[in-house]
Amino acid sequence: MAARGKSIAFARIRAEVIRLVALIPPGKFTTYGSIAIHMNVIARHVATVLRRLSDEESATLPWHRVVSADARISPNMDAALSRKQRRLLKAEGLRIDKDGCIQDADAHFHHVGVRRNIRWG
């Protein structure tokens, strides 16, 4: 077992999520599900990794470029964090409607890649 009782598999998944999120260019976004499909995991794994970022990681990783499957800022997120995500996305030129949906999503979507045949365990 790795530190804090986490498995080696989770540590590898975490590292890959962080690597992929770091590759999303400014002005683009992707979804939890898109990353998950590419990694051969479930979207909840991706969300869990991003939810548990350290303060230092949050300050340097473009976590705000990952949204829900319908190109929307998660309605389940803390309100202050949701406002921050909206502000950061708007600063990169994305338009977001009152419901938190990214407008003209197809033009701004970052394709992570095809599903990889990875066994994490």
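Colleague: Which residues count as being in contact with His108, leaving aside its neighbours within four places in sequence?
Modeller: They are Gly27, Lys28, Phe29, Leu94 and Gln103. Contact means heavy atoms within 4.5 Å, and each of these residues is listed as a contact of His108. The model is predicted, so local features need pLDDT of at least 70 and side-chain atom pairs pLDDT 80 or more, while totals for chains, interfaces and linings use all residues. Residues are numbered from 1 along each chain as its sequence is written, and side-chain values use heavy atoms, leaving out hydrogens and water.

Colleague: How do you know how many helices and strands the protein has?
Modeller: Helices are DSSP runs of H or I with at least four residues, strands are runs of E with at least two, and both are numbered from the N terminus. Counted that way, the protein has six helices and two strands. Along the sequence they follow the pattern α-β-α-α-α-β-α-α.

Colleague: Why is the protein called as compact as a globular protein of its length?
Modeller: Its radius of gyration is 14 Å, close to the 14 Å that the globule rule gives for 121 residues, so the description applies. The radius is taken over C-alpha atoms, and the rule is 2.2 Å times the number of residues to the power 0.38. Along the principal axes, the C-alpha atoms fill a box of roughly 45 × 30 × 20 Å. Of the contacts with a separation of 6 or more, 68% are between residues 24 or more positions apart.

Colleague: Why is Gly100 called buried?
Modeller: Buried means under 20% relative accessible area, exposed over 50%, and partly exposed in between, with a 1.4 Å probe and protein chains only. Gly100 has 3% relative accessibility, so it counts as buried. Gly100 sits in the loop between helix H5 (79–91) and helix H6 (105–108). Apart from neighbours within four places in sequence, Gly100 is in contact with Ala71, Arg72, Ile73 and Arg86.

Colleague: Is Ala71 buried or exposed?
Modeller: Ala71 is at 8% relative accessibility, so it is buried. Ala71 belongs to the loop between strand S2 (66–67) and H5.

Colleague: Where is Asn40, between which helices?
Modeller: Asn40 is in the loop between helix H2 (32–39) and helix H3 (43–51). Its relative accessible area is 30%, so Asn40 is partly exposed. In helix H3, Arg44 is exposed, with a relative accessible area of 64%.

Colleague: What makes Ser68 buried rather than exposed?
Modeller: Its relative accessible area is 16%, so Ser68 counts as buried. Ser68 is in the loop between S2 and H5. Leaving aside neighbours within four places in sequence, Ser68 is in contact with Thr31 and Tyr32.

Colleague: Which side chain makes a polar contact with the side chain of Ser68?
Modeller: The partner is the side chain of Asp70, at 2.6 Å. The Ser68 side chain also reaches the backbone oxygen of Arg72 at 2.7 Å.

Colleague: How many positive and negative side chains does the protein have?
Modeller: There are 21 positive and 11 negative side chains. Lys and Arg count as positive and Asp and Glu as negative; His and the chain ends are not counted. The centres of the two sets lie 5 Å apart, each charge being placed at NZ of Lys, CZ of Arg, CG of Asp or CD of Glu.

Note on methods:
A polar contact is a pair of N or O atoms within 3.5 Å; within protein, one must be able to donate a hydrogen and the other to accept it, and residues adjacent in sequence count only if both atoms are side-chain atoms.
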